[in-house]
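Notebook open, structure loaded. I'm jotting down what I look up as I go, starting with a side-chain pair.

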Amino acid sequence: MSRCKEGRVSAAAAAATYVVGVDVGSIMLRCHVYDKTAQVRGVSSKTVETLHPHLGWVELDPEVLWTQVTDVIKEAVQAAGLQMNQIAGLGISTQRGTFITWNKKTGKPFHNFISWKDQRAAELVNSWNRGVILKAIHVISTILYFLTRSDRYLTASSLTFTTQHVSLRLSWILQNITEVQQAANENNCCFGTIDTWLLYKLTKGSVYATDYSNASSTGIFEPFQMCWSSVLSKLFSIPMSIYPPVEDTSHSFGSVDAEIFGVPIPIVALVADQQAAMFGQCCFHAGDVKLTMGTGIFWDVNTGNRLHTPGAGLYPVVGWKIGKEVVFLAEGNESDAGSTIKWAKELDLFTSVDETSRMARNVIDSEGVCFVPSFSGLQVLVPCPSRWYLRASVVSEHLKTLMNISSKKTREVPVNDPYACASFMGLKPSTTRNHLIRAMLESIAFRNKQLYDTIVKQMRVPLRNIRADGGVSNNSFVMQMTSDLINKKIDKPVNTDMSCLGAAFLAGLALGFWTDKEQLKKLRRTEIVFEPQRDAGEYKLAMDNWIKAVQRSLNWYSQTSY
């Protein structure tokens, strides 16, 4: 395998007049064909097939996913009434943190993709978070920050691990699959997130790489130095040799092997899905905010060239790197949003997603019913006494905590609990489907409120536009309630599949298909702007009850369950 050398796009590709954007999401796999006005000319989609071999395990079959990806590309181009030689280039957006390892010599996977929602490493995560080593890192980093005022040490002073991070799930694989450990020791093991695997497959093994947005979302990437973290790799006994080279987000990665689609199509963008949505929404300026409500909830804020220091509920990622430009994002998330609506549909609580807004409005409130969305653990804020809280953004408080100086105040703290349970609480004989659906939709809006408040408290840059996308953004009840709760306007575009568009925009820039970001801004179209209609205080009782329900759902499962 070799890294692709950046070069000029072929004359045939330059003459082509369409760009393809592919998005491998957690629920849906989509492919859109765009013309130069960013109008969608062809669409194809498939449901991403997930496997659950054990309680808490979530996997994807790599061969099934590979077949689905090639199929949707062919079908979308056909739906557009085009030939493959009319496609100028391909941009690929993928769910983050889902990874695979494979044999470098044969290309054969050692196991299925391990999804970002997988909980098999929960016990390992808890062990590290409670361990002496991490406590020592916190203390040493705090002292070093006090002496140097370097944000790098401030970040390390609040380091914690979650099951969403690749790091400990990969460590679990190395500890439990002998074949992987042996191959890694022999320098015969490749590691990759979905983007890397698809690039490897599309080029028939000739190109092995990832981009900065995907790498930074693994939890084993050093954003201050823009490279894989040798420190974390040593901590988790992960050989540095298994990581792919990291390239720019908008970059000539090589071409699809001609045998796959009949012609070689340039692959000119790899990007993580949330960062792709940010780019598709044209959130190019510091302070621009993007809210994606797809499988999960993701709030992202453009922080420009400044890396956000992790605080309560927010973490930094690389948005994109194009040449010398590096854009960072601050992000907060909740794992379950669209996934809970999908689950409710499978239970026949409703027949069409479109009717859920009407069902929620058919009742004046949820009648005290609360829903806790925790199918993949819980990332949420809960009230807690200050003396138990380590605030990452203020080192003096860190030192006070270390010296056992307590406070009587109560504040909200971020909780990452892989053992929390999803639940309905407050059920009554009079509870109807409408109450259940309203409670589910309210839980999404309440979590949006928490994440937005966290952003307001922590951001050093003034917030600008708020733009929403993802399947759940089509739910007018959730959108309106979120606007009410945060007391801000929220702009929803005509096309809510922003990850596809973002991947296509990045590909188009690399090709010269579009000239610059100013041109892209003119191509984005707003469908509706939600404005506050009710005072946020009207929701206080319902949200207080919801937070109470969240607290009672924490640590529900025993650690041995996973």
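**Entry 1: a serine.** I began with the side chains of Ser-213 and Asp-211, which are joined by a polar contact of 2.7 Å. I keep in mind that this is a predicted model. Ser-213 sits in helix α9, which covers residues 212-216. Is Ser-213 buried or exposed? I got 0% relative accessibility for Ser-213, so it counts as buried, the cut-off being under 20%. Then I listed what Ser-213 touches, skipping neighbours within four places in sequence: Thr-249, Leu-270, Val-271, Ala-272, Gln-275, Val-318 and Gly-319.

**Entry 2: the sheet.** Next I traced an open sheet of 6 strands and wrote down its order as β3-β2-β1-β5-β14-β13, with mixed pairing.

Zooming in on one pair, I see β1 (residues 18-24) and β2 (residues 28-34) running antiparallel, joined by 6 bridges. In that pairing, Val-22 stands opposite Cys-31 of β2.

**Entry 3: helices on the sheet.** Which strands does helix α2 touch? I noted β1, β2, β3 and β5 (87-94) for α2, residues 62-79, which packs on the sheet. The direction of α2 makes about 155 degrees with that of β3. I then went to helix α18 (residues 498-511), which lies across β1, β2, β5, β13 and β14 (266-272). My angle for α18 against β1 is about 140 degrees.

**Entry 4: a leucine.** I moved on to Leu-451, in helix α16 (residues 433-458). Leu-451 comes out at 2% relative accessibility, so I put it down as buried. With neighbours within four places in sequence left aside, I find Leu-451 in contact with Ile-297, Trp-299, Gly-332, Asn-333 and Glu-334. I also checked Gly-313: it is 138 residues from Leu-451 along the chain, yet their C-alpha atoms are separated by 7.5 Å.

**Entry 5: a loop threonine.** Last, I looked up Thr-163, in the loop between α5 (151-156) and α6 (166-176). Thr-163 has 8% relative accessibility, so it counts as buried. Not counting residues up to four places away in sequence, I see Thr-163 touching Trp-116, Asp-118, Gln-119, Ala-121, Ala-122, Val-125, Arg-169 and Pro-418.

Conventions. Residues are numbered from 1 along each chain as its sequence is written. This is a predicted model: local features need pLDDT of at least 70, side-chain atom pairs count only at pLDDT 80 or more; totals for chains, interfaces and linings use all residues. Side-chain values use heavy atoms; hydrogens and water are left out. Two strands pair if DSSP finds at least two bridges between them. Helices (H or I, at least four residues) and strands (E, at least two) are DSSP runs, numbered from the N terminus. Contact means heavy atoms within 4.5 Å. Axes are lines fitted to C-alpha atoms, for helices over the stretch in contact, and angles run from 0 to 180 degrees between N-to-C directions. Buried means under 20% relative accessible area, exposed over 50%, partly exposed in between (1.4 Å probe, protein chains only). A polar contact is a pair of N or O atoms within 3.5 Å; within protein, one must be able to donate a hydrogen and the other to accept it, and residues adjacent in sequence count only if both atoms are side-chain atoms.
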